[in-house]
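User: I have a structure to look at and would like to learn how to read some of its features. Please take them one at a time, giving the general idea and then the case at hand.

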Amino acid sequence: MKYDAKKILRNLKERLIEEQIKIVSTDLNSSNSLTVAVSLSELKRLKDRRHAQEAIKALSTTSDVSVIAAIKYLVSIEYPVSFKEIDHLLKRSERVRKEIGNFAQHMSPEDGCRLISMLLEDRSSAVKIQTLKQLEKVRCDESVKRAKKFLEDEDLKVKLESIRVLLNLGEDVDEKIITEIIEDTKLPFEIRTSALKIFVEHFDNSLPLLRKMAESTYSKMNSVAISLMGKFPCDEVWNTLKAVISNDSLPSETIQSALKSASSACGDHKEIEEMAAKYINYPSKSLKMAALKVLVSVQSQNVEGIIEDFLEGKDRNLKLSVIPFVEKYPSNWNVNVLLESLEDDDEEMMEKSLKVLGRLKIKDERIRNGLFDHTIGVRVQTLKALISSGDIDVETLIEFVRSDLEPIEIKIEVLNGIAKIAPQRLEEFL
């Protein structure tokens, strides 16, 4: 019987999705390109595989929006297009040309490599970068040779992407090419830190350079370097991290990075709790949260009270950030704050609170406030909360399924609930 209930549930969901696909697919015949694009995007979300020919047809429309939606749909179903079917797209806008490289992994080896080869010769750096990413999925020897030539490209973003891809493919890249970028103070921060991340990922001797960059006077550079230290053993980085965390005159971004790395590399170090605790009252909200996460990781006895303080405060973003922690520290006060938030009509606050209340199986009449007249996200989380706590009857759930007005997301969640509390009632929908 348990197996039959699962089978019935699966069949009912599939039927719901099929009905939705039929409704959505009627818009593929629209003369409005935006309508076609929305329809293809929705069909992709529903994991439909039956409208490849309509998507192929959309590839020839004049609208970039519908062409890109068609590409994404066809790629999602791994449709094996031929080069002949898409070669006209090589003359389209940069936005389209960036997308068509995704076809390569589902084409014949010959066509896929030909497409990648042509895109790597594109005039746009953005297209080249996006195409280089495809080499990790479709290795083409000629294109790998072309990627190696990009190591001398004037566009540093293209150069960096070629470095990353070649290293991921196991090709040799002279580390000096990367370190010269990292140490060039005239280059933009984003370029230097991207190179630093690649260097740490692929070269074993990266810690000395990280220590050097951690002493940079440019806070964004030293913050990234310090954050990457979390990948190393504690005894190799603790002294550096401790010196940063102990110096409260440093930029909050730098201290935050050190706290995260210390938590990752040295989570059981006896000094971490005391060092993190002093930043709970620091002005920076992101630093407060970094400190709280450290205290949670070391199971500090002060966490519950800190959560209460953050929830009681007036800062909405801080409240949103701390709500998930209530699941682990569900005091009566903390739980009641989440219940009270359900009466404020702040959709994001409601959705996050309901998710926690559902996992805690809390029963409270205020949870029902989210059943109607709210976003689908809030309504789904409300149903989950009521179902997990057993605070909704099967007849109410059946009404949702039978309604012609309810969206598919709600009906699927309701079917899950019926399968959980009264699986035998699923047979009524066969």
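User: Is Glu-171 buried or exposed, and what is its relative accessibility?

Analyst: The classes are set by relative accessible area, found with a 1.4 Å probe and protein chains only: buried is under 20%, exposed is over 50%, and partly exposed is in between. Glu-171 has 16% relative accessibility and therefore counts as buried. Bear in mind that this is a predicted model, in which local features need pLDDT of at least 70 and side-chain atom pairs count only at pLDDT 80 or more, while totals for chains, interfaces and linings use all residues. Residues are numbered from 1 along each chain as its sequence is written, and side-chain values use heavy atoms, with hydrogens and water left out.

User: Which side chain does Glu-171 meet in a salt bridge?

Analyst: Side chains of opposite charge can pair when their charged atoms come close. The rule for a salt bridge asks for a side-chain nitrogen of Lys or Arg within 4 Å of a carboxyl oxygen of Asp or Glu. Here the partner of Glu-171 is Lys-148, with 3.0 Å from N to O. Because Glu-171 sits in the loop between α10 (156-168) and α11 (175-183), and Lys-148 in helix α9 (residues 141-149), the pair ties together parts that are 23 residues apart in sequence. Helices are DSSP runs of H or I with at least four residues, numbered from the N terminus. Lys-148, with a relative accessible area of 39%, is partly exposed.

User: How many salt bridges are there by this rule, and which parts does the pair of Arg-316 and Glu-348 tie together?

Analyst: The count comes to 26 salt bridges. In one of them, the closest N and O atoms of Arg-316 and Glu-348 are 3.1 Å apart. Arg-316 belongs to helix α20 (residues 316-322) and Glu-348 to helix α22 (residues 347-359), so this pair links parts 32 residues apart in sequence. Both ends are partly exposed, Arg-316 at 35% relative accessibility and Glu-348 with a relative accessible area of 41%.

User: Where do Glu-395 and Arg-425 lie?

Analyst: These two form a salt bridge whose closest N and O atoms are 2.9 Å apart. Glu-395 lies in helix α24 and Arg-425 in the segment after α25, so parts 30 residues apart in sequence are tied together. Glu-395 counts as partly exposed at 40% relative accessibility, whereas Arg-425 counts as buried at 18%. Elsewhere, salt bridges that share partners join Lys-133, Glu-136, Glu-161 and Arg-164 into one network.

User: What volume does the largest pocket have, and which elements line it?

Analyst: Rolling a probe the size of a water molecule over the atoms shows where empty space is left. On a 1 Å grid over the protein atoms alone, a pocket is an open set of points where a 1.4 Å probe fits, with protein on both sides within 12 Å along at least five of seven lines, and lining residues have an atom within 4 Å of a point. The largest pocket holds about 300 Å³ of space. Two or more lining residues come from each of α1 (2-25), α24 (394-402) and α25 (408-421), and α1 gives the most, with six residues. The lining has 16 residues, and nearest the centre of the pocket lie Leu-16, Glu-19, Val-401, Ser-403 and Lys-411.

User: What is the volume of the second largest pocket?

Analyst: The second largest pocket has about 200 Å³. Among its lining residues are Leu-28, Asn-32, Glu-54 and Ser-66. The elements that give two or more residues to this lining are α2 (33-45) and α3 (52-58), and the largest share, three residues, comes from α3.

Definitions and conventions. Points joined across faces, edges and corners; volume = space filled by probe spheres on them.
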